[in-house]
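Please have your viewer ready.

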Amino acid sequence: ELASRMRVKASEVIAKLMGLGVMATINQAVDVDTAMLIATDFGYEVEQGITEEIGIQLLEESQEGGVAEPRSPVVTVMGHVDHGKTSILDAIRKTDVAEGEAGGITQHIGAYHVRSSAGDVTFVDTPGHAAFTEMRSRGAQVTDLVILVVAADDGVMDQTREAISHSQAANVPILVAVNKIDKANADVDRVKRELSDYDLIPEDWGGQTMYCETSAKKGIGIDELMEAIQLMAEMLELKADRKRNAKGRVIEAQLDKGRGPVATVLIQEGTLKVGDYVVVGMHSGKVRAMLDDRGRNMKTAGPSIPVEVQGLSGVPQAGDEFVVVTDEKMAKNVSQARAMKAREAELGASSKISLDKLFEKM
Ligand code: GDP
Ligand code: MG
């Protein structure tokens, strides 16, 4: 591999190695320092870690062109406080056909998968907009569509506007749920008028935005909301190749006393299996066990499925990319190279700070 990257014959590399007293066969691994020495000898400059990142890129490219199959939508519910986000999620959960199954107690893992008669939906239950924007600032787009909950008796408020601007900045389509329509002072038209100022013009007014009228409290309009989600999902043509190596994003992660680092990962491509080697941010690991959102052991998890993964070398950050690699060595090398880079950047930043401080005093 080293020879082909330098576009020289493998025998030339082997000869150079022999000159250094290293007896190597054509497919033998050499350590980084030796590889650097050899490459420098051939007139190349080697940056540690880059080769492994290239390895991941090549792995990614080799996986392209598979069969993309429909996957279920990943949805985030947003809106002003007390407008009924939690109540709507609770009402949706009650439509889950799997709710009665054994071990059906939902665990809090930051995301969960609902199987309804209208179709499957994955909800990302990140606490508040901060998590949503932080994930996005880290380049992680996990949400396919946003359900914007607006109380019909209250109308557009500060956090409604915030949710709109975050969703629109992220280019995530919005489905509006006008909630609390059971209330005496509910005014659906007023909500539609107010939201039209933000480019959310209702379909029945000639616009493009779907509106659902709900009462989470009375269970009105929830089935229609689930159907609207599926309709939007169909329009978005959400697809994934479930046969390739798995790739996803960390939704949340923490250190568990008994189980070590655990991370909730939303699978976006491929199928994750127990025993897979993974790189996740600056950490690596081997998937030791996977639990679903009901705390049940899983052997595999496909696209749009959230799972809690055990077996990581450390606690990753929300938004980190999670990718299955070919072997343990690659997993370790990439994660170590990334950790080293981060440390270097940190050291660079702190020495800069101390210099600035120094100048401040002068
Ligand atoms: P969140 O802060 O957006 O998660 O709002 P919650 O779901 O916690 O709801 C806030 C309050 O509004 C609670 O007291 C709910 O019982 C109430 N609520 C939610 N949905 C409805 C509804 O459709 N109708 C009425 N009347 N009250 C509702
Ligand atoms: Mg809530």
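## A charged network

Which side chains meet in a salt bridge at 2.9 Å, N to O? They are those of glutamate 308 and arginine 259, where a salt bridge is a side-chain nitrogen of Lys or Arg within 4 Å of a carboxyl oxygen of Asp or Glu. Glutamate 308 sits in strand 16 (residues 306–312) and arginine 259 in the loop between strand 9 and strand 10 (260–269), 49 residues apart. Salt bridges with shared partners join Asp256, Arg259 and Glu308 into one network.

Glutamate 308 is buried at 8% relative accessible area, while arginine 259 is partly exposed at 27%. Here buried means under 20% relative accessible area, exposed over 50%, and partly exposed in between (1.4 Å probe, protein chains only).

## About the model

This is a predicted model, in which local features need pLDDT of at least 70, side-chain atom pairs count only at pLDDT 80 or more, and totals for chains, interfaces and linings use all residues. Residues are numbered from 1 along each chain as its sequence is written, chains are lettered from A and ligands numbered from 1 in the order in which they are written, and side-chain values use heavy atoms, leaving out hydrogens and water.

## Another salt bridge

The whole structure holds 11 salt bridges. One of them pairs arginine 71 with aspartate 144 (2.8 Å, N to O). Arginine 71 counts as buried at 19% relative accessibility, and aspartate 144 is buried at 13%.

## Helix 7

Within helix 7, Thr160, Ala163, Ile164, His166 and Ser167 are buried; helices (H or I, at least four residues) and strands (E, at least two) are DSSP runs, numbered from the N terminus. Asparagine 171, which follows helix 7, has a positive phi near 65°.
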